[in-house]
There are 2 protein chains.
Amino acid sequence: MDAEIIAVGSELLTPFHQDTNSLYLTGKLNSLGIEVRYKTIVGDHRGRLAEVVRLAAGRSELVILIGGLGPTEDDLNREVVAEVLDRPLREVDEIRLKIEERWARLGRPMPENNLRQTMVPEGAEWLENSRGTAPGLWIEHDGCIMVLLPGPPHELEAMFEASCLPRLAGRSGGRRIRSRVYKVVGLPESEVDRRIAPHYRPYTNPETTILSTMGTIEVHLRAHGGSEADAESLLAELGDKIELALGDHIFSTRGESMEEVVGMYLVMKQKTAAVAESCTGGLVAERLTRVPGSSIFFLGGVVCYSNELKTRLVGVPAELIAEHGAVSKAVAQALAEGIRRRTGSSLGLGITGIAGPGGGTPEKPVGLVFIALSDERSTEVRQFRFPGDRERVRTWASVAALEMIRRRVRS
Amino acid sequence: MDAEIIAVGSELLTPFHQDTNSLYLTGKLNSLGIEVRYKTIVGDHRGRLAEVVRLAAGRSELVILIGGLGPTEDDLNREVVAEVLDRPLREVDEIRLKIEERWARLGRPMPENNLRQTMVPEGAEWLENSRGTAPGLWIEHDGCIMVLLPGPPHELEAMFEASCLPRLAGRSGGRRIRSRVYKVVGLPESEVDRRIAPHYRPYTNPETTILSTMGTIEVHLRAHGGSEADAESLLAELGDKIELALGDHIFSTRGESMEEVVGMYLVMKQKTAAVAESCTGGLVAERLTRVPGSSIFFLGGVVCYSNELKTRLVGVPAELIAEHGAVSKAVAQALAEGIRRRTGSSLGLGITGIAGPGGGTPEKPVGLVFIALSDERSTEVRQFRFPGDRERVRTWASVAALEMIRRRVRS
């Protein structure tokens, strides 16, 4: 089965916004062996949208439309699809009740324009939206399955998992695409490629892609097979070689984020962490607390931007700061040890550095960051020099800090 | 003049890669008054590419193809366009010389497959590539301008600036596009629409788009005019009405983020802030410290995930927590007042809530968040109930917290 994706929204034709839902959908469709053959982006314009829908319905077995299901006048997907497929819209009471209930739970009356969302083309199934008011639509028409999904990613993803994946799984035949993602830390992209190119180069199946994201590298393998087992065994053959070549720089093979991996290790080892952050401004705490249940392994932390707070909240001696400067090995160490002492955590992390754009000097340039990790036995301090702008320096520093915790608790 | 963009490459139809060149091109085209009406992404496949090119040539005055000009066998754009427009390819000696020179400078002989890049469809102009070997192509055919650009962004951008912008500037007439973005907080999307629809509905120029991002709403206006001044005055006419309808829910008109606006007000009023965060885990501190120079207005904060740390680091009385529970109005207030006292900031912010997925009860469900803001005169505590998953609850809470600061310091 071949698919095409149509992302609808005038904002997607400006320089400011980009469709990202199609990446998620492509991943899910691939897992069922369905390849995406076209992606089209079109604005909230009746005529052009109708033209794109008509073309897609004629050439693809599966057409997924994203967006345009909201309550406002420029949300046209429902109407345009009904028109192109010549299926009149009818109000569905059950949807109306659900939307009214949703507003009632928020303690507000349903706005009149939400009524547009209760309309369903004749012969279509509607798909429940567990995270918003706009129901999706599933329409089978002349050998084409047309699916309308809401634009907000969390709504789209929940609806696709709950309502579309099971329906599509039965239809997609035996061919499967499986993929594997290795997340790598502590090596630059060119070094990752140098190590693994001799292994992946002989293969066209799996395909290999190397991707640099903020602070980590991802190696993606995609294999096609006559069955899941076939595809998996192709993945395993190349994957084993890649795992050997990259060793413990691989921190994740199942999609887990850096903070999830660190959290998992901390829980396994029954350790807790606390952080004292200067230049990262709370980013490390924020990342650790993204993990559901993080209260088990993360006690808390201090964001001490000013020198005074470093002393007052974490107990860094004022003389130490005066002597070495706030951005120094000694202060990083005092932050790590101080936060560990004040919170009673097993591990204390201290970060101090210059994120920029201002504040750099020839001796202490923008990008200079000291990170210290302290436990009951010792404190390790590392000095880094990160490239890039404020956001990049902060992100790299947070990755380096999490990596120090990972290496400490894993061993 | 209307344009469409076709990005070519099988990797752009995987879950891992996205066309980003079209954002750059859209910005440049808009500056000349040229609107992008469609974007299509298609793989390196002769038949499908030909279909897409044929369709585009028939409906758009300007068609820009990205990619597919490399020397390898899966680079098909040159051949497919020549075929669709029925213009035979001819070798151009001048291109061959340039490519040979380029390789000579690298000290290597030209590989055989680079010869593909010397081929130009009859009647086409070729565009010099100052940063790579693949020349671009400019073809005028039956009222359609078709431009072929190389995929690597630095090659594409240099070629577009040098060869396409000047040619297009002469063609696009005086028409210009200007845009304005209002960022709105504290109103749901449907309410924003209810307030402004009567104003924007009569206008097709400017076009209005309403966009819901995490916790805030954006209203985009784009106006076409015979000159920049014309377009600006059209923007101002509708914009003034929208500003009136949304009033002080608009926090930004020049693209600034919520945290930048809050920072600006704090600096203007010479106030400082500090935060004590529980469920947001450092997100508010992290957002405030994204702003360059935030050390002027942000002293720091505490992430107190455990009850013990609320007491130890912020001085929330243990009895208060025992009596009211950690997620309560009283504890939010004590956090705000405590962090203000401990840091000496002008404003203290306290946040406590249940981000989920676990930890909810019938009385205190997931999404319940208390936010308190304290200054030298008083402490305000607000209770919220945010929908959605952990990430959304945290994001909404951070927006609500920043909004409380904005309203306090603005007045």
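In this predicted model, strand S14 of chain A (residues 298-304) pairs with strand S14 of chain B (residues 298-304) in the antiparallel sense, over 5 bridges. Within this pairing, Val302(A) has Val302(B) as its bridge partner in S14(B). Looking at the contact between the two chains as a whole, 61 residues of chain A are in contact with 60 residues of chain B. On the side of chain A that touches chain B, 23 residues are nonpolar, 24 are polar and 14 are charged.

Two packed helices are described by the angle between their axes and the distance between the axes. Helix H1 (residues 21-31) and helix H5 (residues 153-169) of chain A pack at an angle of about 20 degrees, and their axes are 11 Å apart. Since angles under 35 degrees count as roughly parallel, H1(A) and H5(A) are therefore roughly parallel to each other. Their crossing is right-handed. H1(A) contributes Asn21(A), Tyr24(A), Leu25(A) and Lys28(A) to the contact, while H5(A) contributes Pro153(A), Leu156(A), Glu157(A), Phe160(A) and Leu165(A). Sorted by class, the residues of this contact comprise 6 nonpolar, 1 polar and 2 charged.

Asp2(A) counts as partly exposed because it has 14 C-beta neighbours inside 10 Å. Leaving aside residues up to four places away in sequence, Asp2(A) touches Glu35(A), Arg37(A), Ser60(A) and Glu61(A). Between Asp2(A) and Ala236(A), the separation is 234 residues in sequence and 26 Å in space, C-alpha to C-alpha.

Note on methods. Residues numbered from 1 in each chain as written. Chains lettered and ligands numbered in written order. Predicted model: local features only at pLDDT ≥ 70, side-chain atom pairs only at ≥ 80, totals over all residues. Axes fitted to C-alpha atoms, helices over the stretch in contact; angles between N-to-C directions. Helix = DSSP H or I, 4+ residues; strand = E, 2+ residues; numbered from the N terminus. Parallel < 35°, antiparallel > 145°, perpendicular 65-115°, else oblique. Left-handed = near helix turned anticlockwise from the far one by under 90°. Contact = placed C-beta atoms within 7 Å. Nonpolar A, V, L, I, M, F, W, Y, C, P; charged D, E, K, R; others polar. Pairing = 2+ DSSP bridges. Buried ≥ 20, exposed ≤ 12 C-beta atoms within 10 Å, placed from the backbone.
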